[in-house]
Amino acid sequence: MKKSIAIIFAFIISQFQAQQTPYYQQAAKYKMDIDVNAEKFTYQGNQTLEYTNNSPDELNVVYFHLYWNAFKPNSMMDQRVGGQGKNGDSRLQKDGISRLASIPKDQEGAQNIHWIKQNGKDLKFEIQETIMKVYLNQPIKPNSTTSFTMEWDAVIPQQIRRSGRNNKEGVDMTMTQWYPKISEYDYDGWATFDYIGREFHAPFSDFDVTIKIDKDYVIGAGGILANPTEVKGYDANAKIKTEKNKKAIWKWTAKNILDFAWSADRDYVVKGFDVPNGPKVYLVYQKNDKTKVWEEAQPYVTQYFQIMNSHFGKYAYPTYAFIQGGDGGMEYGMCTMILGEAKDIEGLMGLMAHEGSHSWYQQMLATNESVRPWLDEGFTSYAESYVMYQLFPPQNKFPNPFVKTLDGYRNFIKKGIEEPAVWLGDHHDNGTSYTYSTYVKGELYLVELGYIVGEENLAEIMKQYFNTWSLKHPTDRDFLHIAQKVSGMDLKWFHHYWINTTKTIDYGIKDVKYDAKSTTVTLINNGQVPMPIDFSIMTKDKKIVTYQIPTNLTHTWKKKDAYGDFTTVNYWPWTQKEYTLTIPYTKSQLEVLGIDFSQRLADINMENNFIEVK
């Protein structure tokens, strides 16, 4: 009996300790030497990786991502795209058929590992699609560092998705997710999802990369160029230094980023300028008629970074590059790859604002995108809408920056194909549903949160989230903890409804009765998601009066809101279908009454939300 009690007690203690494990994150330092054969679109690679295990666990295996193995017929990416038909990612398809299925043999992506060693000793490894599992000769103990060396060669794939040769705008090489990259290890274990086409996750790392390539090429990259006077494009007085084989040597460094990406083309021009209080920005693109709006970008990009730094947190790195490359837009450490062609400066800046904002909600706040893509893409989309509203104020000004997003969401809901945002990124069955579950509902998560807690509280939540978790790997639980702390509200119910379900908000005005000295309004909840309600009236003399009807789920009500003053009335129990409110205004005094004059509530049916008093 005593022995059993001791065992149970020991188990309880171990569980408590496990729950109280302090936060940690792994660290890596890459030193690479890359020799590019531009004519054949191949390269040779050597890599030394210093890997530090800051976890409390002893590691007996490690995993590397070999992303380019996905770009070939019958890969898992090809199978997934082909299996989805017209419901899949249109960028990976042509007429509903996977583009990967027709990649020629000599243009298939490949990362051929010659050998890998740990502290100088050969290791056994096996390739599992886009994952390489490495069996260690010597376990990596907690709080210790080990060294891996590796040699490989690679074939740059036909450009299908993000990476590859000869994209549709004629960029020669887009080198993203291009090297054997060690997987992230954290409390949830190794992040070893196969590359199916969506998101990434990695430890923060330092990079020291030497690239040898034909002297006529210009490279754009996310990092600091150590020898701008010896290569083409960055210094007007540069004297290009080459080897006997006419290759220039590019030396790049970067610290504490998730990955190192670069792109190379003979026709690139480079435009650099400083944003006050940082960063230094580089525009790297082919200068022609299709990219002429890039010439207008500098003042807008400058203002973009100033707004982001002020409202969301200070950009942590010294440089940032917008590089023409890839198949649309994709974020990487200290840079993004985007298409060069744009109809106007607003279109170009919309793309730059989205991809640039990933530096906050993918790079600095480095969530696991494969598991929680909405926490990255959605928050990034929110920042994009917030900044673009200021850079390009609408002529017929909307009441808030998110009206178009809300309208798009309402139209999408009518299709009946929504999937929960909680689903893993690559496991959504419909490409459009993925977009709305991740980008749109992720953005509206913050819009609805601002409606619940007040915009001032939301701004403080975003700043505290950044200050607490910048250059770390937060989860949605970490964000929710800060949101509840700042607002003083219980918000778990909202998080559950919005992220874990496809239930919707639908409030309406059921009835209005006018009396001699007052008006009585009956509201109804026709939806499945309870919310607080801001009910407003506009009087004949254009005065707006707002009544906040809290939900008792929060237990604390918002005290103020940037969208106007309000009077708080009795709460609406979430189990109660209808709510009656009597206001001291007569019919002759009223012009309009309705739900949410600010137009932030993601109500799917607005037809019964407003009444014009006649």
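The protein chain is divided into domain 1 (389–500) and domain 2 (507–612). The model is predicted. Taken over C-alpha atoms, the centres of domain 1 and domain 2 are 23 Å apart.

**Interface area**
- Contact between the domains involves 25 residues of domain 1 and 28 residues of domain 2.
- About 2,300 Å² is buried between domain 1 and domain 2, with 62% of it on carbon and sulfur atoms.
- Of the area that domain 1 buries against domain 2, 33% comes from R410, Y451 and W493, more than from any other three residues.

- One salt bridge is found across the interface of domain 1 and domain 2.
- A salt bridge joins the side chains of E455 and R600, at 2.7 Å from N to O.

**Helices on the domain 1 side**
- At least two residues of the side of domain 1 that touches domain 2 come from each of helix 6 (403–413), helix 7 (431–453), helix 8 (455–469) and helix 10 (492–500).
- Helix 7 gives the most to this side, with six residues.

**Nonpolar core**
- The largest nonpolar core has 179 residues, of which W178, W262 and F535 touch the most other members.
- This core lies between domain 1 and domain 2, because both give residues to the core.
- Leaving out residues up to four places away in sequence, W262 touches V36, M173, T174, M175, T176, W178, I211, I213, I219, G220, A221 and M337.

Technical notes: Residues are numbered from 1 along each chain as its sequence is written. This is a predicted model: local features need pLDDT of at least 70, side-chain atom pairs count only at pLDDT 80 or more; totals for chains, interfaces and linings use all residues. Side-chain values use heavy atoms; hydrogens and water are left out. A nonpolar core is a set of buried Ala, Val, Leu, Ile, Met, Phe, Trp, Tyr and Cys residues joined through side-chain atoms within 4.5 Å. Buried means under 20% relative accessible area, exposed over 50%, partly exposed in between (1.4 Å probe, protein chains only). Domain bounds come from an automatic or database domain assignment. Contact means heavy atoms within 4.5 Å. Buried area is the accessible area (1.4 Å probe) that two parts lose on being put together, summed over both. A salt bridge is a side-chain nitrogen of Lys or Arg within 4 Å of a carboxyl oxygen of Asp or Glu. Helices (H or I, at least four residues) and strands (E, at least two) are DSSP runs, numbered from the N terminus.
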